[in-house]
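User: I have a chain on my screen and would like to talk through how it is put together. Could you start with whatever I need to know about strand pairing?

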Amino acid sequence: SACTSKVTKLCDLQPDDTICSVAWTQRGSYLAVGTNLGEVQIWDVAAPRCTRTMSGHRTRVGTLAWSSALLSSGSRDRNILQRDVRAPQDFQTKLQGHKSEVCGMKWSYDDKELASGGNDNHLFVWGNQTSTNALHKFTQHTAAVKAISWSPHQHGLLASGGGTADRCIRFWNTTTGTPLSCMDTGSQVCNLAWSKNVNEVVSTHGYSQNQIIVWRYPSMSKLATLTGHTLRVLYLAVSPDGQTIVTGAGDETLRFWNVFPGPKSQSSIPDQSVW
């Protein structure tokens, strides 16, 4: 808990398995957990108990994304499985296109498009929840695409970030299927998140600076550079009110930052303190 600093243990896996990804439902108290052995578990956090275990992947599930009752899981086996958790089957459709591990996924805010990034340096945009054909395939990144975020302010505006050999944040118009702009950040891009209150983006980075940057869109001027992590900042989550982010890194620390203004504020004044 960011408010009380209380830590609650939810679950243990078998000794030969580890957790590779987690994702909250958009509403409610359910958490999806992807494991190294290829399982996807659904946990009722309030109970707490595992309500369902689903198979379908041959190896680790490194990324998860919810769209209402539909859960998408991306794996090292290069496949994306679409799972309606209300249905008895473990999955309904399989999306195939990536030539290497699927390492990032996000549903658009209107739940009509799924973006996926892979270790093959490719970014795919998939259509409605029953289609198995990609709407777009973008190949401009020159390293793995783990960082993906949809704009809550403009329909069809997608941001993606590339790994160490790429270092770029790219913006795409998924309505027309065209690239919009590119910013070389100088470091591996691990995560991206758009502020829901103002037109700003936060990125987290790895080699070589392990920093966190807040950008104003579309100018991509830097509003703040936050440092403190000593290894790459692999994980990022935004609080429900859109003001606070939490970052997790290979240095085994979680850090909370106030980076975005509230819904009624017009200017961003990042607080660089860690609490």
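Analyst: Two strands pair if DSSP finds at least two bridges between them. Keep in mind that this is a predicted model; in it, strand 10 (residues 114-118) and strand 11 run antiparallel and are joined by 4 bridges.

User: What lies between strand 10 and strand 11?

Analyst: The two strands form a hairpin with 4 residues between them, and in that turn Asn 121 has a positive phi of about 75 degrees. Within the pairing, Phe 124 of strand 11 stands opposite Ser 116.

User: And which residue is the bridge partner of Val 125 in strand 12?

Analyst: That partner is His 136, and strand 12 (residues 134-138) runs antiparallel to strand 11, with 4 bridges joining the two.

User: Which residues are buried on each side of strand 11?

Analyst: Leu 123 and Val 125 are buried on one side, while Phe 124 and Trp 126 are buried on the other, so both faces of strand 11 (residues 123-126) are covered. In a regular strand the side chains alternate between the two faces of the sheet.

User: Zooming out, how many helices and strands are there in the protein chain?

Analyst: The protein chain has 0 helices and 23 strands. Its radius of gyration is 18 Å, close to the 19 Å that the globule rule gives for 275 residues, so the chain is as compact as a globular protein of that length.

User: Last topic, charges: how many positive and negative side chains?

Analyst: There are 25 positive and 20 negative side chains in the protein chain, and the centres of these two sets lie 3 Å apart.

Note on methods: Residues numbered from 1 in each chain as written. Predicted model: local features only at pLDDT ≥ 70, side-chain atom pairs only at ≥ 80, totals over all residues. Heavy atoms only, no water. Rg over C-alpha atoms; globule rule 2.2 N^0.38 Å. Lys, Arg positive; Asp, Glu negative; His and termini not counted. Charge placed at Lys NZ, Arg CZ, Asp CG, Glu CD. Buried < 20%, exposed > 50% of the residue type's maximum accessible area, 1.4 Å probe, protein only.
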